[in-house]
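Reader: I want to learn how to read salt bridges in a model. Please take me through them with a case.

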Amino acid sequence: MMDPTRAILGTYGQVFIDGVWQTNINHLEASVEVEKRELKLSGMEWTTHKLGAKKGTGTMSGYKVTSDMINRGFTKFNIINKLSDPEAYGFERIQLINCMPDKLQLANWTAGEEVAEETAFTFEGYLLLDPVVAG
């Protein structure tokens, strides 16, 4: 049976861009999608699949504090995602390699409200630096 105290809360998540902790980021999502090629082989009644190219996409968002993303432009950068929780079995770190924004948010504000900044991006690889392993 799962120990509910071991469930990891996103509260303790951190984002590092090129090694610098982005304290303003409060949401990160990244995933890899694989292109599967269908193969129909003689003598087989099932379609089989061969792995093709992979595509990494993600989104990060939080409060606008600086103009760093605008200054960075469309140059590539690396993200390290750290997900931890004091009650978890450990922490997980994943490096997203060669991230590039899909677009730059130059303005998006409303009087009397905090300014949020969202950046959609693609990436060209990842490394699982530290896995969470049940103890």
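Author: This is a predicted model. Start with R37, which is partly exposed at 48% relative accessibility.

Reader: What does the side chain of R37 meet in a salt bridge?

Author: First the general idea. Side chains of opposite charge can pair when their charged atoms come close. Here R37 pairs with E35, at 3.1 Å from N to O. That passes, because the cut-off is 4 Å. E35 is also partly exposed, with a relative accessible area of 40%.

Reader: How many salt bridges does the rule give?

Author: The count is 7.

Reader: Which parts does the pair of K64 and E117 tie together?

Author: The K64–E117 bridge has an N to O distance of 3.4 Å. K64 sits in the loop between β4 (48–63) and α1, and E117 in strand β7 (residues 116–123), so the bridge ties together parts 53 residues apart in sequence.

Reader: Is E117 buried or exposed?

Author: Buried means under 20% relative accessible area. E117 has 9%, so it is buried.

Reader: Where do R72 and D18 lie?

Author: Take the contact first. R72 forms a salt bridge with D18, and their closest N and O atoms are 3.5 Å apart. R72 is in helix α1 (residues 68–72), while D18 is in the loop between β1 (14–17) and β2 (20–21). The two are 54 residues apart, so this pair links distant parts of the chain.

Reader: What is the accessibility of R72?

Author: R72 is at 21% relative accessibility, which counts as partly exposed. D18 is partly exposed too, with a relative accessible area of 46%.

Key
Residues numbered from 1 in each chain as written. Predicted model: local features only at pLDDT ≥ 70, side-chain atom pairs only at ≥ 80, totals over all residues. Heavy atoms only, no water. Helix = DSSP H or I, 4+ residues; strand = E, 2+ residues; numbered from the N terminus. Buried < 20%, exposed > 50% of the residue type's maximum accessible area, 1.4 Å probe, protein only.
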